[in-house]
Amino acid sequence: NTNDPSRVSKDAIAKAQRMAAIQAQIAQQMSKLGQAPVVPGIVPLTNVPGAAQGLPGLVPQGLVQPPVKKETFMPAPLILDDKGRHVDASGKEVSLKAAAVSTLKANLRESNAIQMVEPEPLNKGGKDTAAAAIVDPRMSLPTGVRAKRATFTFVEDSRYIKRAEKFRTKMAVAEFNNQLKKMQEDKGAEAAKDTLAQVNLALLKKKKEPVPDVEWWDVTFVGTGGYDTQEVNKDKVMHYVEHPIPLDPPAEAAEPPPLPMFLTKKERKKLRRRTRMERETQRQEMVARGLMAPPEPKVKISNMMRVLAADATADPTKIEQEVRRQMKLRLKNHEERNAARKKTDEEKREKKISKLEKETEEETTVHLYKVGDLKSRHTKQARYKIDINAKQLHLHGTGIVTDEESLLVVEGGPKALAKFHKLVMKRIKWGAQDEDEEEDEDEMKDDEEKAENFCRLVWEGKVTKANFPDFRFEAATSEGNARDILRRKGVEHYWDLIKSYDVDAQR
């Protein structure tokens, strides 16, 4: 029966309970979001009887629901500190940065594609500890900049060699300090009397490492048996080539001088004419300013009547004598100026010597000659020519004369050696004999049996400096004596070049 009052009250109570359950769910969700629970059309009441009965939000009959106030938007208050800066309610400065607005479509696409995220600055004063606790400094935020692509990293030249040398020096210094400390501990107060030379002597007396039978870089190919073995492991030979470290030459060649500019005959005349004109113009300006006396008129026989018109007609004989005197004076002054500019014999010799010495400042050229016979009396004139020309050209070297063959070592500049080479190879006739000397028949027979004399250039090269102070001939009784002469100058290998040179094969 719908008119039953008890049934109506039960339905109202059930509806109220369902509404209360829905309101509780809404309040729980709003509390999670940090907002006050608000249900449209229902205002929570605390001073109504229904709330006391466990029915919150239910408005009984006879009560009027108060109207809900609508919240209006209010801008944040503008708070300024004592310095005029904009701060929030907590006192922190608010930074207002104008955002860059892109107008081009390309910039708009780029700004939309890459979102620049800037981390919030930490408060160093320690006020905002909660915000500082959640920022991990180890985390890097994306900057939108593309990282550099990995490239090759090349090792510098001689990097590991320098590192090894530095390490060896460090170890030597450490060993030196250990030896010194050990001597101080052993001798105590007497260690102050020991000099550093004694410690260095102790280090030098240490035995050096013996030279191995096979170097470590050759063990792979010849094994540990030694270099005498004929078996080479060719399986280890590859197509790769190991290039040695390039070494600097002992003396760098000088840079070639700039090429001179060659002028034609017409250009040389034009240049000379212009130079003389400039010089004459400068002289005229100095005369006009009074800095120089004006020159006398240059009178000659041809222009005498034109320059000295009135005087020449009055006494022509006297004027002619005066003109000839001036002409002789000008010629004399010209010859004196040329003589003053001319170098003396001593200055010429010094200039020649300086030019020859200048050629050997950076490097010295060496010529090595092999001569068949320089000991017999037939070659006395050749020895004299070689000796006197070497001294005149300021060459260094030596001439070693033996019974079998002779050696010529000549050191000097390129120009001086070119003249010396022309002397020994063209001017001296090694096969000819002196016609004025009378010889016996036995000597003639001996000369015919002898081989024809010769002179050959065996080797030509360059050295840093000359090994001989001057040029002189030295007689050697044997091959060992000749080697000793060259060994004292550090050029013993010159004799090996002479011995290995085959004259017949070079003809």
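These are my notebook entries on one predicted protein model.

**Ground rules.** The model is predicted, so I took local features only at pLDDT of at least 70 and side-chain atom pairs only at pLDDT 80 or more, while totals for chains, interfaces and linings use all residues. Residues are numbered from 1 along each chain as its sequence is written, and side-chain values use heavy atoms, with hydrogens and water left out.

**Entry 1, overview.** I looked up the secondary structure first. The protein chain has 18 helices and 7 strands. Helices (H or I, at least four residues) and strands (E, at least two) are DSSP runs, numbered from the N terminus. Buried residues make up 18% of the 507 residues. Buried means under 20% relative accessible area, exposed over 50%, and partly exposed in between, with a 1.4 Å probe and protein chains only.

**Entry 2, the sheet.** I traced an open sheet of 5 strands, ordered β6-β3-β5-β4-β7, with mixed pairing. Two strands pair if DSSP finds at least two bridges between them. β6 and β7 (471-475) are the edge strands, each pairing on one side only. From one strand to the next, the twist averages 15 degrees. α13 packs on this sheet, touching β5 and β7, and its direction makes about 145 degrees with that of β7. Angles run from 0 to 180 degrees between N-to-C directions, and axes are lines fitted to C-alpha atoms, for helices over the stretch in contact.

I checked its partners. β3 pairs with β6 (residues 455-463) in the antiparallel sense over 8 bridges. β3 also pairs with β5 in the antiparallel sense, over 7 bridges. V371 stands opposite C455 in β6 and opposite S406 in β5. T365 faces K462 in β6. Then I checked burial. 8 of the 8 residues of β3 are buried, so the strand is largely enclosed by the rest of the structure. T364, V366, L368 and K370 point one way, T365, H367, Y369 and V371 the other. In a regular strand the side chains alternate between the two faces of the sheet.

A nonpolar core is a set of buried Ala, Val, Leu, Ile, Met, Phe, Trp, Tyr and Cys residues joined through side-chain atoms within 4.5 Å. The largest has 21 residues, of which I386, L395, F420 and W430 touch the most other members. β3 (364-371), α13 (380-392), β5 (406-412) and α14 (414-427) each supply at least two residues. α14 gives the most, with 5 residues. I noted a second, separate core of 14 residues, including L368, L486, V491 and Y494.

I looked at how α16 (residues 479-487) and α17 (residues 493-500) pack. Their angle is about 135 degrees, with the axes 8 Å apart. The two helices are therefore oblique to each other; angles under 35 degrees count as roughly parallel, over 145 as roughly antiparallel, 65 to 115 as roughly perpendicular and the rest as oblique. E479, A482, R483 and L486 in α16 meet Y494, W495, D496 and K499 in α17. α17 also lies across β3, β5 and β6, at about 45 degrees to β3.

I found K298 in the loop between α8 (265-288) and α9 (304-307). K298 is exposed, with a relative accessible area of 58%. Leaving aside neighbours within four places in sequence, K298 is in contact with N303 and R330. Contact means heavy atoms within 4.5 Å. K298 and M327 lie 29 residues apart in sequence and 8.6 Å apart in space, C-alpha to C-alpha.
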